[in-house]
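Here is a short briefing for a first look. Take in the structure below, then read on by topic.

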Amino acid sequence: MTAERTLAASPAGIPPRLTRRGFLASAGAAGAGLVIGMAVPASGVRGQEPAASDRFDPFVRIGTDDTVTVIVKHLEMGQGVATGLAMLVAEELDASWAQMRTEFAPVDVSLYANPMLHGMQATAESTSMANAFMQYREAGALARAALIAAAAEAWSVPAAEISAKDGLLSHPGQTSASFGAFADRAGSVAVPDSVTVKPDTEFSLIGARHARLDTPAKINGNALFASDIMEDDMLVAVVARPPRFGAAVAAFDDGQARKVEGVEDVVQIPGGIAVLARSTWPALKARSKLSITWDESGAETRSTRDLWADYHDRAATPGKPVRTEGSVSTALKGAPTALEANFRFPYLAHAPMEPLSSVIRFTGDRAEVWAASQTPSLDRTNVATVLQLAPEQVSIETLDAGGSFGRRGCFDSHYLTEAAHIARAHGQGRRIKTVWTRGDDIAGGYYRPMALHHVRAALDKNGMPTAWYHRIVSQSIFTGTGLEAAVSRDGIDRSPAGGVEHIPYAIPNLQVELHTVDTGVPVMRWRSMAHSHAAYVVETFIDELAATAGKDPVEYRLGLLATAPRLKAVLSLAAEKAGWGTPLADGRYRGVAAHSSFGTSVAQIAEIALDRTGRLKVERVVCALDCGLAINPDQVRAQMESAVGFGLGAALRNAITLDEGRVAETDFDSYQPLRMSDMPEVEVHIVASAEPPTGAGICGVPPIAPAVANAISSATGRRIRMLPFLPTKR
């Protein structure tokens, strides 16, 4: 049972004492220790000499009690980013791991932006460690320099003679002292204008296994999630949303709902009717008693089969060119062997363990939001727009997320703007927690887009591919958002073709086309985005080409990866560790897939058991990856294990289906994530690398489904071209 919690008081402001541009060392309030951060000019103009009136936002705080607090600019949704950023700081600071703490950054895109995500303050696409790698190390190195400078001044010795290790400062012949002993003084001493981070050879924390800092709080229940928050005088809101996407309220009767004890208000908002009560249960009970007439004149009323018919019609016509090399048509005409196939992928829900929720307090001229915000800078702007405020009048307190898989990174911030509409409609002053049930989330969008792929390939007399034609029909997750223009090239939003546009195999004639569909079904990021279906098509079809050529599928791929050395290396490593080519027990079969996404290359070999009744069990997955320098190898392994479970669950049995526009799936009984009994043994091998880190959060998802499908084909000779594997959801 989840304990309800109250909101922590906001941290007090810290008066700065600025010493340099860029990262700055600052004394905190009396006894508050050292702060390493950046100044935000009151003028709003970056690059000016800092002034005492400027706001000062921290990256690292060192308290007089020896605690080191790292300000985490990314959302922690289970992927371990908070621990990873703390490791970067601790490494350069030479701190003890036991003294490290973390807290989430406030919304400030000028300081905490993710330059790899269009300058937003955002967490997505496995970019967190890549964009923060040097930034947080430099903050740690400056903190170390400031502490050493303070100790040198106090001990009257050269700074160069002082060393730092495990949270202690020492001088030969002198005494030693903890970081906290000099934390106050360090904020007022001169520090270097630049610092040098350690060479890789001196790492003692980075690259080693470390327990996550957030594990104890998540075990003992102290971690704060938006769903947990409950305070006196707080209202809980639930919303009756349209049964079909695009419908609107025509009329409603709330007479019976208002009679439910505990209900305080019922308000109409743009997305439906919100019931506000003193707790969740009466709000849900009252919602069931609403009588609503929906205007469905503009709603999406098609069923899944109707949408597929439309997709197939589009696939029969040329799409917009995404990539063209050589002459595919000429190669196909002259080829001794040609293959052709269609692949279908359903809508998929994110289904995080913690459904969406948020808390908001609107006071007329300000709004405070508590949420697991994945795109806080965008969320703040969108909430401000609804409440007719300036973004600076909205604060967002970021909380832990009980999973996301992209769900909390919506470009229109719809679940937070909905909360803002409720706050505005109800009135000012009280905190309101808006709760989505699991059924609300699964049946109410948003989803990974449906996709149809049409592929043709030609083989030469030696069985090697000479042509690859690929036509995709799908929705874009960016259409209609503020990022549509930013992600487009030559007027084409290529996002639905992610993973196909850059096929790694050396094929002389290549043509990729795209049809972008506009349906009434909302779509958004889903873990690994379009790579989740692109990898399936490429990796099962290349497997089929190898089989047609009578060649080993691993050797066939290796022969086509001359220009993709990192992918080639992980494929070789996975094959070696899996014992590829060695005999298996009766009823066991292997399949392979390899894919690069978001800068990380992953190969997986799935070993399945298939009995005479057709019962499938994935027994073992051997995974090899190259994600550059692995900051915390244990966490990288955990991400691969998670990705295998997440991707396998979706492939086996998951689909969102529409019946005349209504979503048929409503909860975990009809939309089932992977069960523990289905989880295979996962073995992870990380390629040693000194290259900058890329990411691991989502890159393990794309290969698992094709690896399992190829194993099934090895067992049965049957190629699966429609997902999920279990046919009842197609």
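Over which ring does the charged end of Arg 241 sit? The ring is that of Trp 436, 3.6 Å from its centre. A charge sits over a ring if NZ of Lys or CZ of Arg is within 6 Å of the ring centre and within 35 degrees of the ring normal.

This is a predicted model: local features need pLDDT of at least 70, side-chain atom pairs count only at pLDDT 80 or more, and totals for chains, interfaces and linings use all residues. Residues are numbered from 1 along each chain as its sequence is written, and side-chain values use heavy atoms, with hydrogens and water left out.

**Confidence**
- The chain averages a pLDDT (the predictor's confidence in each residue, from 0 to 100) of 91.
- Of the residues, 92% score at least 70.

**Rings**
- The structure holds 14 aromatic pairs (rings of Phe, Tyr and Trp, the last by its six-membered ring, with centres within 6.5 Å; planes under 30 degrees apart are stacked, over 60 edge-to-face, the rest tilted).
- Trp 308 and Tyr 311 are edge-to-face, because their ring centres are 5.6 Å apart and their planes stand at 80°.
- Both Trp 308 and Tyr 311 are buried (under 20% relative accessible area, with a 1.4 Å probe and protein chains only).
- Ring pairs also link a cluster, including Phe 343, Trp 468 and Phe 725.
- The charged end of Arg 448 sits over the ring of Trp 526, 5.3 Å from its centre.

**Sheet**
- β14 and β24 run antiparallel, joined by five bridges.

Conventions:
Buried < 20%, exposed > 50% of the residue type's maximum accessible area, 1.4 Å probe, protein only. Pairing = 2+ DSSP bridges. Helix = DSSP H or I, 4+ residues; strand = E, 2+ residues; numbered from the N terminus.
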